[in-house]
Amino acid sequence: MKCPFCGHADTQVVETRMAEDGDFIRRRRQCAHCEKRFTTYERPDVTFPAVVKKDGRRIEYERGKLLASFHLALRKRPVSTEQIDGAVERIEEKLLNLGVREVPSSRIGELVMRELKKLDKVAYVRFASVYRSFEDVDDFKNVVDEIRR
Ligand SMILES: [Zn+2]
């Protein structure tokens, strides 16, 4: 499998894990060239559910948005990139396990808050107070941007 970061063809599986319900296999790979790690899911026809925003629009799930939100929320907090990756992976597993074609963005927001709570209490408390006003990951990011300003 090609490295998504540098395009190098040689990547190695460093960890293989069956998801809790056994529906798919998660592989952690490492690039032999840039040494970055990434995760692949092995499942028949794996697709994340579409995200339904509050206004009814459907958008594609994007891992990058989720990652960006975590990194913003946890900036300058003692939480490693690996821990954030783990949180995003747990959320993705939950999304896949839902077995649905669409998921409300608020549901993803709840999952984000749950992971944030486990990662860093300070960040969680800080963002829990504004959580009620955010409807999806985009809104969450906006709120975080505002707080950081
Ligand atoms: Zn690479």
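Author: Helices (H or I, at least four residues) and strands (E, at least two) are runs assigned by DSSP, and they are numbered from the N terminus. The model is a predicted one: local features need pLDDT of at least 70, side-chain atom pairs count only at pLDDT 80 or more, and totals for chains, interfaces and linings use all residues. Residues are numbered from 1 along each chain as its sequence is written, and side-chain values use heavy atoms, with hydrogens and water left out.

Reader: Which element supplies the largest share of the lining of the largest pocket?

Author: A pocket is an open set of points on a 1 Å grid over the protein atoms alone, where a 1.4 Å probe fits and protein lies on both sides within 12 Å along at least five of seven lines; its lining residues have an atom within 4 Å of a point. Here 15 residues form the lining, and Phe38, Thr39, Tyr41, Arg63 and Glu92 lie nearest the centre. At least two lining residues come from each of strand 3, helix 1 and helix 2. The largest share, five residues, is supplied by strand 3.

Reader: How many residues of that lining are charged?

Author: Asp, Glu, Lys and Arg count as charged; Ala, Val, Leu, Ile, Met, Phe, Trp, Tyr, Cys and Pro count as nonpolar; the others, Gly among them, count as polar. The lining contains seven nonpolar residues and two polar ones, and the number of charged residues is six.

Reader: What is the arrangement of the four donor atoms around the zinc ion?

Author: Donors are N, O and S atoms within 2.8 Å of the metal (3.2 Å for Na, K and Ca), and water is not among the atoms, so sites may look incomplete. The SG atoms of Cys3, Cys6, Cys31 and Cys34 coordinate the zinc ion at 2.2 to 2.3 Å. Four donors are called tetrahedral if all angles lie between 85 and 135 degrees. Because the angles here are 105 to 117°, the arrangement is tetrahedral.

Reader: How many residues apart in sequence are the parts that Cys6 and Cys34 tie together?

Author: The donor residues follow the spacing C-x2-C-x24-C-x2-C. Cys6 belongs to the segment before strand 1 (11-18), and Cys34 to the loop between strand 2 (25-31) and strand 3 (37-42), so the pair ties together parts whose separation in sequence, in residues, is 28.

Reader: Where do Arg17 and Glu93 lie?

Author: A salt bridge is a side-chain nitrogen of Lys or Arg within 4 Å of a carboxyl oxygen of Asp or Glu. The side chains of Arg17 and Glu93 form one, at 3.3 Å from N to O. The pair ties together parts 76 residues apart in sequence, because Arg17 lies in strand 1 and Glu93 in helix 2.

Reader: Is Glu115 buried or exposed?

Author: Buried means under 20% relative accessible area, exposed over 50%, and partly exposed in between (1.4 Å probe, protein chains only). Glu115 forms a salt bridge with Lys118, the closest N and O atoms being 3.4 Å apart. Lys118, at 54% relative accessibility, counts as exposed. Glu115 has a relative accessibility of 0%, so Glu115 counts as buried.

Terms used:
Tetrahedral: all angles 85-135°; square planar, octahedral: opposite > 155°, others 65-115°.
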